[in-house]
Amino acid sequence: MVKLYGMKNGSILLKQFANVDAVLLKNGDNCFYLTEYANSDSYVLLTQKACYYLTDDRYFTEACGLLSGGYEVVKVSPSSVLTVIKNILGGDGVKRLGFEDRSITYRDYTRYAEAFDGISLTGTEETLLKIRAVKTDAEAALIRKAAEINDKSFGELLSKVREGVTEQELKYELEYLLHKNGADGIAFDIISAFGTATANPHAHPTDRKLVKGMPVTLDFGCKYKGYCSDITRTFFFGTPSEEFKKIYRAVLNANENALDAVSAGRDCAFVDKVARETLKACGLAEYFTHGTGHGVGICIHESPVLNPSSEDVLAENMVVTVEPGVYIAGLGGVRVEDMALVTSDGVKVLSKTDKKLTII
C-alpha cells in the first residue's frame, strides 16, 4: 500500500525521546506512523543531523518520489543494511541508539548489538506508542471516515439478514460491503456469531445457520488510508426473551455510562470501573470477562487500555473503544461497542449506528 497524508517531522519527534541520540525503527506500523508510507521492508533512522529511510531496489524509486523533502532515502540490500546504518550512526556521532524493544525479535536485537558495537542500545518503543496514542487532527479525520464506512456497511447488511444465512456468509457479505463503501481492507478478522456462540467474546464464524429467536453479534472494523475502526452491535432475529432484553438494557447502560466518564485527564481504570459497576447493579458483573476498551489507530489495539489494572490516563485526541459485554454460557451474549474521540471536556462518539434494541 502506498499513501502520503502528511509526514510527521522526525527531527521534532526525536526530541521526545530521553537519553538517546538517535532512534531506529523497523516495525512497519511505526515506520508508517512517521512517513505515511508503507512497504514490506524498510527502516527509518532518526538522528540529530538527518532523517533516513532505508529500503531496497523494490521500493527505492517510489520512496524517493514520495518522501523527498522529509527523508534522505538510502538504497540498501538485506546483507548490507546494518553496515550502512552503522556507518550513518558513526558519521552522525551517535553514541546512544533507541530501538523497538517491544516488537523486534531477540534475533534482531542480537544482530543490532553485534553490528553496532560501541553504541549503547536503549528501548524506546513504549515512548513511541504513547506518542502514537494521541492522534493528530489528520489522523482523527481518517479514523472518523473509517467509522463512517462501518456505519454505512452495517446499515446495508441488515437487509441481508435472513433465516438460514450462516455466520460465515454474513461475515463475507459484511467484508464485501466494507470494501464497496470505501475501505482499503478489514482491520481484523470479523466476528460473526449467532445464538449461544454469542457467549464467546471472540467467536470464530462457522456454518451455523440463523433461526428465529437467535441473538446476532457482529464485531468488525475496516482500514481507511492506514487507520482502523472498530464497532460491535448485537441485535435479535425474532423477539428475544425477557432475560435477553434485560441483559441488553444493562449492557447498553454500561456502554453509555462509560462513554459519559471518558474525558481528558480521566484514569482509564475509572472508565472501566463505571462500566463494571453498572453491570454489577444488575447482577451481571461476573459475566463481563474482558476490559472495557482500548486505543485505536494504525493498529486495532493500541494504547491506552481501559481495564481494571490500567495505569493509563486519557488525553485529548486519543481514540478509544468502549465495549462492555455480558456472556452467559449456554444462553448467549451481548456486546455494545463504540469508538470515541477524547476531547478536553468529554467525548465525541464516532460510531453513529443506532444502539437501540433491534429486532429483525
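Axes here are lines fitted to C-alpha atoms, for helices over the stretch in contact, and angles run from 0 to 180 degrees between N-to-C directions; helices (H or I, at least four residues) and strands (E, at least two) are DSSP runs, numbered from the N terminus. The model is a predicted one, in which local features need pLDDT of at least 70 and side-chain atom pairs count only at pLDDT 80 or more, while totals for chains, interfaces and linings use all residues. Residues are numbered from 1 along each chain as its sequence is written, and side-chain values use heavy atoms, with hydrogens and water left out.

Two packed helices are described by the angle between their axes and the distance between the axes. For helix α9 (residues 242-261) and helix α10 (residues 268-280) that angle is about 155°, and the axes lie 8 Å apart. The pair therefore counts as roughly antiparallel, on a scale where angles under 35 degrees count as roughly parallel, over 145 as roughly antiparallel, 65 to 115 as roughly perpendicular and the rest as oblique. The crossing of α9 over α10 is right-handed, where a crossing is left-handed if the near helix is turned anticlockwise from the far one by less than a right angle, and right-handed if clockwise. In the contact (heavy atoms within 4.5 Å), α9 contributes A250, V251, N253, A254, N257, A258 and A261, which meet F270, V271, V274, A275, T278 and L279 of α10. Sorted by class, the contact of α9 with α10 holds 10 nonpolar, 3 polar and no charged residues; Ala, Val, Leu, Ile, Met, Phe, Trp, Tyr, Cys and Pro count as nonpolar, Asp, Glu, Lys and Arg as charged, and the others, Gly among them, as polar.

Another helix pair is formed by α7 (residues 137-157) and α8 (residues 167-180), whose axes come within 9 Å and cross at roughly 135°, so that α7 and α8 are oblique to each other. Their crossing is right-handed. From α7, the residues I149, N150, S153, E156 and L157 meet L170, E173, L174, L177, L178 and K180 in α8, and the residues of this contact divide into 6 nonpolar, 2 polar and 3 charged.

Helix α2 (residues 28-35) and helix α6 (residues 125-133) have axes that come within 12 Å and cross at roughly 50°, which makes α2 oblique to α6. Here α2 passes α6 in a left-handed crossing. The contact is made by D29, N30 and Y33 of α2 together with E125, L128, L129, I131 and R132 of α6, and by class it has 4 nonpolar, 1 polar and 3 charged residues.

We turn now to the strands, where two strands pair if DSSP finds at least two bridges between them. Strand β1 (residues 22-25) and strand β5 (residues 96-99) run parallel and are joined by 2 bridges, with A22 standing opposite L97 in β5. Strand β5 is also joined to strand β6 (residues 120-123) by 4 bridges, again in a parallel run, and R96 stands opposite S120 in β6. The chain crosses from β5 through helix α5 (residues 106-115) to β6 in a right-handed β-α-β crossover, meaning that, with the strands pointing away from the viewer, the path from the first strand over the helix to the second runs clockwise.

Strand β7 pairs with strand β10 (residues 222-224) in the antiparallel sense over 2 bridges, and G185 stands opposite K223 in β10.

Two backbone details remain. A cis peptide bond, with omega of about 5°, joins S303 and P304, and P304 has its place in strand β14 (residues 302-306). N19, although not a glycine, has a positive phi of about 65°, and N19 lies in the loop between α1 (10-14) and β1.
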